[in-house]
Every structure is written in structure tokens, then in C-alpha cells.
Amino acid sequence: MDRYAKYAAKRLADSFCQHVGTVGKRHEFDITVERVHSYETDYGMTHVNVCRDASNNIVVYKGSNEWYKGDRLVVKATVKEHSDYEGVKQTVIQRPKVIKQLNADGSPVEVQMLDQWGKPV
């Protein structure tokens, strides 16, 4: 498949995206991080985390929390706004709290807490 066909297929899939949640309300989102773009500002690093939920809707978080491509997370966040980017509907969230991180099969990732010297707590 050439890159124009891939682009057309992606645009077709994106045309079915819907807004998620109610603006101003906190909701729980089960998302997978699709890509992360970072840049520096006068206030430090800002990370734009573009994610997809189980229904393939786009959820965007822009802030100081950096997630990693491929991470599957359950977060509780406030819906900041419903917007359109290049004709594609997306939901922008703020103040996310990661409730749990999941493996590809949906089982929780075991997280081990470390002290300042890297030893298990």
C-alpha cells in the first residue's frame, strides 16, 4: 500500500470520530497513546499526547505529563473542549490522573515503587 492510500484510509477512519464526554465534567477514559509531540516553552516542556479510545475517537492531552507511544492507560480527566482539527473531531482533556496502566491484553501493569536511590519501597 503506498503512502497516499494509507493517508486516504486514515482520513476515512478519522471521519467517523465523535466527541466524547461533556465539557466541564470529569470522565474516565480508556485510551491508547498514538503519538507524542514535545516542545519547550518558557514554563518548561509541554507534551501533546494524541490518543485513541476503544471506539477509535481522538482524545488529546496537552500539558506537562509525558506518556509514551503505545501506552494503554485508564485516566480520569476533565473534558476541556470539543474541537475540530483539520476537519476531524477530537476531545481535549485537562488535569488527567492515571488510574491504571494496562497491557495489550487488558491486564494491569505491575508498577513497583522505588525510592530516591532506585531501591524498591
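# Legends to the close-up views

**View A. Val 48 is a buried residue, with a relative accessible area of 18%.** Buried stands for under 20% relative accessible area, exposed for over 50% and partly exposed for values in between, calculated with a 1.4 Å probe on protein chains only. The structure is a predicted model, in which local features need pLDDT of at least 70 and side-chain atom pairs count only at pLDDT 80 or more, whereas totals for chains, interfaces and linings use all residues. Residues are numbered from 1 along each chain as its sequence is written, and side-chain values use heavy atoms, with hydrogens and water left out. Val 48 belongs to strand E2, residues 44–53. Helices (H or I, at least four residues) and strands (E, at least two) are DSSP runs, numbered from the N terminus. Neighbours within four places in sequence aside, Val 48 is in contact with Arg 35, Val 36, His 37 and Tyr 39, and also with Val 60, Tyr 61 and Lys 62. Contact here means heavy atoms within 4.5 Å. Between the C-alpha atoms of Val 48 and Ser 64, which are 16 residues apart along the chain, the separation is 8.7 Å.

**View B. Asn 57 sits in the loop between E2 and strand E3 (58–63).** With a relative accessible area of 8%, Asn 57 is buried. Its side chain reaches the backbone nitrogen of Gln 18 at 2.8 Å. A polar contact is a pair of N or O atoms within 3.5 Å; within protein, one atom must be able to donate a hydrogen and the other to accept it, and residues adjacent in sequence count only if both atoms are side-chain atoms. Beyond its neighbours within four places in sequence, Asn 57 is in contact with Phe 16, Cys 17, Gln 18 and Val 20, as well as Cys 51 and Arg 52.

**View C. Strands E4 and E5 form a hairpin with two residues between them.** E4 pairs with strand E5 (residues 88–102) in the antiparallel sense, over 12 bridges. Strands are taken to pair if DSSP finds at least two bridges between them. Val 75 stands opposite Val 98 in E5, and Tyr 85 has Val 88 in E5 as its bridge partner. Glu 86 is in the loop between E4 and E5. The phi of Glu 86 is near 55 degrees, a positive value in a residue other than glycine. Glu 86 counts as exposed, at 51% relative accessibility. Arg 95, which lies in strand E5, has a phi near 50 degrees, likewise positive in a residue other than glycine. At 54% relative accessibility, Arg 95 counts as exposed.

View D. Thr 32 stands opposite Arg 72 in E4. Ile 93 in E5 is the bridge partner of Tyr 61.

**View E. The largest pocket has a volume of about 340 Å³.** Of its 16 lining residues, Arg 35, Val 50, Ile 58, Tyr 85 and Gln 90 are the closest to the centre. Two or more lining residues come from each of helix H1 (3–14), E1, E2, E3 and E5. H1 gives the largest share, four residues. The lining divides into eight nonpolar residues, one polar and seven charged. Ala, Val, Leu, Ile, Met, Phe, Trp, Tyr, Cys and Pro count as nonpolar, Asp, Glu, Lys and Arg as charged, and the others, Gly among them, as polar. On a 1 Å grid over the protein atoms alone, a pocket is an open set of points with protein on both sides within 12 Å along at least five of seven lines, whereas a cavity is a set where a 1.4 Å probe fits but cannot get out; lining residues have an atom within 4 Å of a point. Points are joined across faces, edges and corners, and the volume is the space filled by probe spheres set on them.

**View F. The protein chain holds one helix and five strands.** Along the sequence, their pattern is α-β-β-β-β-β. The C-alpha atoms fill a box of roughly 50 × 35 × 30 Å, taken along the principal axes. Of the 121 residues, 30% count as buried. Among contacts with a separation of 6 or more, 54% are between residues 24 or more positions apart.
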